[in-house]
Each structure stands twice: as C-alpha cells, then as structure tokens.
Amino acid sequence: MQNSFNTKDHTPKRNDLEFNGSGKEFFGIWIVNILLTICTLGIYSAWAKVRTTNYFYGNTKLSGSSFSYTASPIAILKGRILAFILFIIYSFISQYSPEMGGLLILIVFFCSPYLIVRSLDFRFQNTEYRGLKFGFTGKFGEALKVFIGGYLLVAISLGVLFPWWEKMRKKFYVENIRFGNSQFNCNPALSIFYKTAGLIFIIIASYLVFIFLSIGAGGGELFILLIYPILGILAAFWFSRITNHVFASSNLGDIRFESELKTSELIGLWVVNLILLGITLGLATPWVMVRNARYRISKTAVLADDLDSFCSHEKNKVSSIAEEIGEAFDVDISI
C-alpha cells in the first residue's frame with residue numbers, strides 16, 4: 001500500500017517551529033554568566049554554555065514540545081582545560097622553535113576532522129526532543145576526506161571546487177544526524193551551489209572592474225568602501241539560498257523540512273543587530289542572539305502528517321534494544 005505522503009496531490013501537515021525567548025529575560029542569564037566566568041577565571045564558562053544552550057533549546061518548540069540539552073558542564077570543562085593546556089604547550093614551543101610550532105599547527109589541521117566529529121557527536125547526543133536523543137554517526141575517515149581532502153582540492157583548483165566542497169560538507173553534517181534510530185537523508189543539487197556561487201562571482205568581478213575603471217578616471221575611493229556592504233549582501237544571499245535548499249533536500253523518513261529565509265530580511269536583521277551592538281557597546285548581545293534565533297526558527301517548518309506517531313514509534317524502537325546505540329563522548333571539544 002502506497003504511503004499517502006508520497007502522492008503528488010498530498011500536502012503534509014506543516015508544523016512550524018516557535019521561539020518564545022526574550023532579550024530581557026536572556027540578558028539576566030547572560031550577564032550572570034559573564035560575571036561568574038570572570039570571577040572564576042573562566043571555569044564557570046562550561047556552566048554558562050549549558051545554561052545558554054538550555055535557554056535557547058527550552059524556548060524552541062515544535063508541535064507543543066520543546067527541545068532540551070542534557071550535557072554535563074564537567075564534560076565541557078574537561079574539554080576546555082585540555083584545549084587550554086594544548087594552547088600553553090603550543091605557545092611555549094613556538095616561542096623557542098617556530099618550526100616546531102608550525103609542525104604542531106599542521107598536526108592540529110590534520111586532526112581537525114576528528115575534533116569536528118567528536119564535537120558534533122557530543123552536541124547531538126546531548127540534544128533531546130520528547131525524550132528521544134539525537135545522535136551523530138559520522139566517522140573520522142569520512143570527515144578526513146570531506147574536510148582535509150576537499151579543502152586541498154579547493155586550494156588546488158583555486159576555488160573552482162568550492163561549491164562542490166560546500167555541498168559535500170552540508171551533506172556530511174545532515175546525513176550523519178540520527179533521531180532515535182532513524183537516520184536523516186540529504187541530497188542537495190550541486191547545480192544550486194554552482195549557480196549561486198557563479199552569480200556572486202559575476203557580481204563581485206563586475207564591481208571590481210567598475211572600481212578599477214573609476215580609479216583610472218580619478219575617483220573610486222567611495223566605491224572601494226562600498227565593497228564591504230556589498231559582500232555582506234552577497235553573504236546573506238548565499239546563506240539564505242543554500243540554507244533553504246539544504247532543508248528542502250533533507251528528510252527523516254517521511255518527514256520533510258522547509259526553510260524560508262529571505263535575503264532582504266537577513267540584511268535588515270544584520271544591519272539592526274550591528275547598530276544595536278554599536279550603540280550599546282556590546283550590551284545588546286543577548287537581544288541580538290534572541291533576534292537571530294527567533295528569525296531563523298520562525299522561518300523553519302517540519303512537514304509531517306503525524307509527528308506524534310513518528311516519535312512514539314521511535315521510542316518503541318529504542319526501548320526494544322538492550323543498550324543505547326552510541327554514548328556521548330565525555331569531553332566536549334569546542335569548534
């Protein structure tokens with residue numbers, strides 16, 4: 001029997017995500033986090049991260065239920081202490097031997113796929129929705145090909161392969177996410193990445209030629225300064241278009257996703273955020289974080305006829321297994 005979700009004339013139920021946080025409320029958490037982090041010489045930063053993440057997860061709701069973050073601050077603290085020790089070792093060695101310092105950077109570069117995988121594993125293993133854990137199944141070998149191999153190919157091709165690399169990274173991130181025992185799937189079209197990148201390249205190249213001609217005619221200084229807002233506009237265009245496409249190309253079984261970010265709205269959001277941060281000398285950071293979260297979440301929807309049944313089915317599948325698949329890495333490595 002064919003699932004009705006897959007018929008052409010069937011439109012699945014739209015479940016919008018909601019964010020109920022407020023800048024004023026989050027400011028209280030944010031300022032306390034900063035003060036305690038300073039007083040404890042950075043030790044409290046692990047607890048600050050958990051409190052902040054819990055606030056945003058707890059205020060994000062899907063079909064009446066919120067998300068939760070279950071990470072232990074001690075695990076995060078371990079990771080930060082380890083990172084601090086490694087930084088001290090690097091600083092000491094590079095001061096007396098720049099060559100050894102360069103070698104350490106190279107080692108960290110090749111180890112970065114492992115750090116990325118462990119960080120994502122930690123983050124998702126500590127994320128829950130309706131009592132069901134997420135997970136990340138990416139492997140070091142796969143990450144090595146995507147992040148190191150892909151990066152080197154982009155460098156060798158002088159950037160021509162960047163859209164391909166961006167597609168591979170997005171695919172790696174999404175396809176390795178697990179919810180319960182179900183795996184996400186992601187099949188973005190490479191043509192969208194190249195069309196978007198091509199349009200951006202044409203605009204930048206045209207503008208640079210325009211600046212060159214303007215300078216040759218005795219002017220152009222103002223147009224040089226305008227390159228920064230133009231790059232911001234193009235960044236908003238890339239982010240909105242690629243994000244919307246990746247969401248539309250992803251699914252979790254019969255559950256699909258939708259993102260409706262708009263370039264003009266993103267530009268307006270970013271401009272107001274910059275103004276707020278500037279006139280308040282950074283004190284508006286909580287409002288900026290809330291504004292960003294509210295906008296992105298409000299533009300995201302889950303398309304599923306019966307989300308409740310899906311979650312119940314996943315709980316039954318998980319509970320039928322003697323031991324949970326995978327365990328959260330006990331040290332959070334920030335990336």
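The exercises below, each with a worked solution, concern the predicted model shown above.

**Exercise 1. Describe the chain as a whole: how many helices and strands are there, and what share of the residues is buried?**

Step 1. Take the secondary structure. The chain has twelve helices and eleven strands.

Step 2. Take the burial. The chain has 335 residues, and 37% of them count as buried.

Step 3. Take the surface. The accessible surface is about 18,900 Å², and carbon and sulfur atoms hold 69% of this area.

Step 4. Take the contacts. Among contacts with a separation of 6 or more, 73% link residues 24 or more positions apart.

**Exercise 2. Work out the order of the strands in the sheet, and state which strands lie at the edges.**

Step 1. Read across the sheet. The eleven strands follow the order β7-β6-β5-β4-β3-β2-β1-β11-β10-β9-β8, the pairing is antiparallel, and the sheet is open.

Step 2. Look at the two ends. β7 (182-183) and β8 (185-186) are the edge strands, since each pairs on one side only.

Step 3. Helix α2 (residues 45-58) touches β1, β2, β3 (65-69) and β4 (127-129), and its direction makes about 165° with that of β3. Helix α9 (residues 227-248) also packs on the sheet, where it touches β8, β9 (250-252), β10 (255-259) and β11 (300-303); the angle between the directions of α9 and β10 is about 165°.

**Exercise 3. Which residues belong to the salt-bridge network around Arg14, and which parts of the chain does the pair Arg14 and Glu258 tie together?**

Step 1. Start from the total. The structure holds nine salt bridges.

Step 2. List two bridges of Arg14. Its side chain meets that of Asp16 at 2.7 Å, N to O, and that of Glu258 at 2.0 Å, N to O.

Step 3. Asp16, at 37%, is partly exposed, and Glu258 is partly exposed at 25%.

Step 4. Compare with a bridge inside a helix. Asp121 and Arg118 meet in a salt bridge of 3.4 Å, N to O. They are three residues apart in helix α4 (residues 98-125), so about one helical turn separates them. Asp121 counts as buried because its relative accessibility is 6%.

Step 5. Collect the network. Salt bridges with shared partners join Arg14, Asp16, Glu258 and Glu260 into one network.

**Exercise 4. Decide for each of Leu41, Leu158 and His245: buried or exposed?**

Step 1. Recall the cut-offs: buried is under 20% relative accessible area, and exposed is over 50%.

Step 2. Apply them to Leu41. This residue is in the loop between α1 (23-39) and α2; its relative accessibility is 80%, so Leu41 is exposed. Its phi is near 55°, a positive value in a residue other than glycine.

Step 3. Apply them to Leu158. Leu158 lies in the loop between α5 (140-156) and α6 (162-175). With a relative accessible area of 79%, Leu158 is exposed. Its phi is positive, about 60°, although Leu158 is not a glycine.

Step 4. Apply them to His245. This residue is in helix α9 and is buried because its relative accessible area is 18%. Leaving aside residues up to four places away in sequence, His245 touches Pro188, Ala189, Ile192 and Phe193.

How values were computed:
Residues numbered from 1 in each chain as written. Predicted model: local features only at pLDDT ≥ 70, side-chain atom pairs only at ≥ 80, totals over all residues. Heavy atoms only, no water. Pairing = 2+ DSSP bridges. Helix = DSSP H or I, 4+ residues; strand = E, 2+ residues; numbered from the N terminus. Contact = heavy atoms within 4.5 Å. Axes fitted to C-alpha atoms, helices over the stretch in contact; angles between N-to-C directions. Buried < 20%, exposed > 50% of the residue type's maximum accessible area, 1.4 Å probe, protein only. Areas by Shrake-Rupley, 256 points an atom, 1.4 Å probe, with all protein chains shown as cover. Salt bridge = Lys/Arg side-chain N within 4 Å of Asp/Glu carboxyl O.
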